[in-house]
Structure formats: C-alpha cells, structure tokens
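Have a go at each task before reading its solution.

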Amino acid sequence: MSADSSGASYASAGVDIEAGDRAVELMKEWVKKTRRPEVLGGLGGFAGLFDASALKRYERPLLASATDGVGTKVDIARQLGVYDTIGHDLVAMVMDDIVVCGAEPLFMTDYICVGKVHPERVAAIVKGIAEGCVLAGCALVGGETAEHPGLLGPDDFDVAGAGTGVVEHDLLLGPDRIRTGDAVIAMASSGLHSNGYSLVRHVVFDRAGMTLDQRVEEFGRTLGEELLEPTKIYSLDCLALTRTTEVHAFSHITGGGLAANLARVIPDGMHAVVDRSTWTPGAVFDLVGTAGQVERLELEKTLNMGVGMMAVVPAESVEAALTTLADRGVEAWVAGEITERGERTTGAELVGDYAK
C-alpha cells in the first residue's frame with residue numbers, strides 16, 4: 001500500500017465538479033432559446049417542468065415518447081473537433097420518430113456522457129441540441145452531463161436524448177388509415193443522417209484508406225464535412241402537411257433502411273411499392289457502395305439512400321402535399337404507391353434502378 005498521505009477526492013478520481021458547473025453556465029443561454037410558454041422554471045432543478053394544463057384543449061390527448069442517440073457518428077465529430085452539429089442529429093432521431101404518428105413535439109431532455117468535462121465542448125454540444133429543438137418546435141427542459149473517467153478517454157463522448165409529443169386521438173396517424181391507391185411521397189435526406197456509420201467508417205477508413213480532411217470532388221467538400229452533415233429535422237414540415245392536406249402515415253427512414261422502415265406503417269394485406277427510378281441517391285451512397293464493394297441490397301438495408309422521411313397520402317392529396325413541402329424548401333417527389341399485398345411476404349419493396 002502506498003504511503004501517500006493525501007486523501008482521495010472526487011477530483012483525484014478524475015471528476016471535475018467545477019468544470020461541470022462551468023459547462024452548465026455556458027449552456028444556459030442556448031437552452032433558453034428553446035423555451036415554450038408551457039415550460040416552468042429553468043436549468044438547475046432536479047426535473048424539467050412542463051405545464052400539462054396546455055393539453056386541456058385536446059379531447060383525448062395521447063402522449064408520444066421516443067429515445068435515441070446518434071451512434072458512431074459522434075466519433076466523426078470527435079476527430080474533427082466539431083461539436084455544435086451533432087445535437088441536430090440527436091433531435092432529429094428523437095423528434096422525427098415522434099412526429100410519425102402525427103404528434104406535435106413538446107419537450108426533450110438530453111444525456112451527455114464524457115471522459116472529461118471540457119466546458120466549452122459540452123456547451124457546444126448543447127448548443128446544437130438547442131438549435132435542433134428550435135427546428136423541431138420543442139423545448140429542451142433539462143438533461144444530464146456525466147463524467148466517466150477511466151471508462152471513456154478524455155476526448156471521448158456520447159449523447160442520447162428522450163422526447164415527448166402529443167396528438168389528438170382522432171388524428172393519430174398510422175396503418176389503420178392507409179388504403180390501396182395511396183401515394184408514397186419521399187422527402188430527400190441531407191445525406192447519411194445518423195445511421196450506418198459503423199459500415200461507413202469501416203469502408204472509408206479501413207478499406208479505402210481515406211482521411212477526413214481529404215477533399216472529394218463529388219461532394220464539393222472534404223470527406224469529414226460530408227460525414228458530419230447534420231440530419232434533416234422534418235418535424236415541422238410533417239406537421240404542416242397534416243394541417244394543409246390529408247395524410248395517412250409517415251415513416252422515418254433510419255436504421256434498417258427505406259423498405260424496412262416503410263413496412264412498419266403498412267397494414268396487413270397491403271404493400272408499398274417504391275420505384276428507385278424516381279430519384280438519384282447522393283454521391284456519398286455511391287462512394288460507400290463502390291469503395292466497400294457493398295451490394296445494393298446491403299446498402300439499402302443499412303443507409304437511407306437519399307430519403308429521410310416518407311408520407312403516405314391519398315392520391316388526391318399529392319398535389320397539395322408536394323406544394324406544401326416545396327413552399328417549405330423540402331425536396332419531395334412521388335416515389336411509389338400502396339397496392340394489395342397478394343402473395344408478397346413483406347410490407348414494402350424497392351423496384352427498378354436508381355436514376356442516373
């Protein structure tokens with residue numbers, strides 16, 4: 001046993017409470033920007049407070065909740081030293097799941113785990129989360145920053161979040177509303193979003209030997225800038241659709257790819273047929289497929305292939321839906337339709353070849 005006479009402390013174990021307090025002070029201004037009228041109090045309490053009396057205007061309010069992270073995309077942010085965009089990804093992963101049922105995002109909490117608290121770095125992560133919350137229309141009511149020395153390296157971190165939304169029972173979207181003849185509208189992704197990065201990192205780093213600062217002409221920027229492109233947040237765009245035209249269902253295209261996620265909202269006895277020829281996936285998808293010699297079906301069950309959200313609408317609602325999305329700056333197109341399932345065993349499939 002060592003003869004060191006100094007006693008142990010939290011600081012000597014690697015946890016810096018003062019740095020944590022500094023991080024909270026730095027993030028307060030960003031959290032304040034997400035405030036909704038229903039939010040009570042501010043940062044510093046043990047729980048975030050949201051005035052539920054605001055839900056009295058609903059006949060039968062249903063609360064929708066979701067939780068998620070952004071996976072190994074955080075390692076790209078760490079390597080680049082860019083921390084103020086990864087929060088957009090986190091909000092998108094959580095709130096775009098919530099809006100799928102037609103729910104309005106209300107509030108969110110976050111969890112940031114670090115090897116060592118660097119106050120400015122933590123504040124930058126929260127800045128991105130707060131900006132994402134503004135884009136989703138929800139409040140950031142609280143969170144937790146945990147320091148795990150010995151488990152994570154000094155520069156390592158991970159983020160997770162949970163959110164809550166509300167939808168009127170009679171306006172709940174989903175499989176029960178879908179009918180044969182409905183159109184499937186695709187909304188363009190901003191790139192890879194936040195799924196499939198374990199495959200992407202393996203391909204570009206291990207197989208292709210690329211570096212994050214390497215400029216890729218097809219991207220018009222560096223590999224790192226392409227891989228760190230924030231996930232598009234569709235929440236308010238989807239809600240705008242529900243206000244301007246009839247919508248039967250949404251599908252958030254995340255892990256598992258386009259067909260598998262779309263199948264989650266297709267009822268028994270029906271089938272979604274999506275035509276690849278209606279769009280051209282971005283250059284990053286081609287790079288991953290070519291550099292890694294990844295088969296198309298493997299790409300499609302891992303990556304979004306250029307589509308981040310899909311809406312199922314009646315045929316007569318297509319024009320209004322596309323107009324609404326165009327007015328909001330969302331690239332969208334009719335990508336398929338709903339048919340009878342027949343002998344098919346899956347709820348959705350991709351047919352044809354991608355447009356060149």
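Throughout, buried means under 20% relative accessible area, exposed means over 50%, and partly exposed lies in between (1.4 Å probe, protein chains only). This is a predicted model, in which local features need pLDDT of at least 70 and side-chain atom pairs count only at pLDDT 80 or more, while totals for chains, interfaces and linings use all residues. Residues are numbered from 1 along each chain as its sequence is written, and side-chain values use heavy atoms, with hydrogens and water left out.

**Exercise 1. Describe the overall build of the chain.**

Step 1: start with secondary structure. Helices (H or I, at least four residues) and strands (E, at least two) are DSSP runs, numbered from the N terminus. On that basis the chain has eleven helices and 14 strands.

Step 2: check the dimensions. The C-alpha trace spans about 80 × 55 × 40 Å along its principal axes. The radius of gyration is taken over C-alpha atoms, and the globule rule is 2.2 Å times the number of residues to the power 0.38. For 356 residues a compact globule would come near 21 Å, so the chain's 22 Å agrees.

Step 3: look at burial and contacts. Of the 356 residues, 51% count as buried. Contact means heavy atoms within 4.5 Å; among contacts between residues at least 6 apart in sequence, 85% join residues at least 24 apart.

**Exercise 2. Are Glu300 and Arg276 buried or exposed, and what do they tie together?**

Step 1: find the bridge. The side chains of Glu300 and Arg276 meet in a salt bridge of 2.7 Å, N to O. Glu300 belongs to helix α10 (residues 296-300) and Arg276 to the loop between β11 (270-275) and α9 (283-291), so the pair ties together parts 24 residues apart in sequence.

Step 2: settle the accessibility. Both Glu300 and Arg276 are buried.

Step 3: Glu298 and Lys301 form a salt bridge at 3.5 Å, N to O. Glu298 is partly exposed, because its relative accessible area is 34%.

**Exercise 3. Which residues of helices α2 and α9 are buried, and what do they pack against?**

Step 1: take α2 (residues 73-80). Its buried residues are Lys73, Val74, Asp75, Ile76 and Ala77. They pack against α3 (86-98), β6 (157-168), α5 (197-207) and α6 (223-227). After α2 comes Gly81, with a positive phi near 70°.

Step 2: turn to α9. Here Val284, Phe285, Leu287, Val288 and Gly289 are buried. Their cover includes α5, β8 (215-216), α6 and α10. Just after α9, Gln293 has a positive phi of about 50°.

Technical notes. A salt bridge is a side-chain nitrogen of Lys or Arg within 4 Å of a carboxyl oxygen of Asp or Glu.
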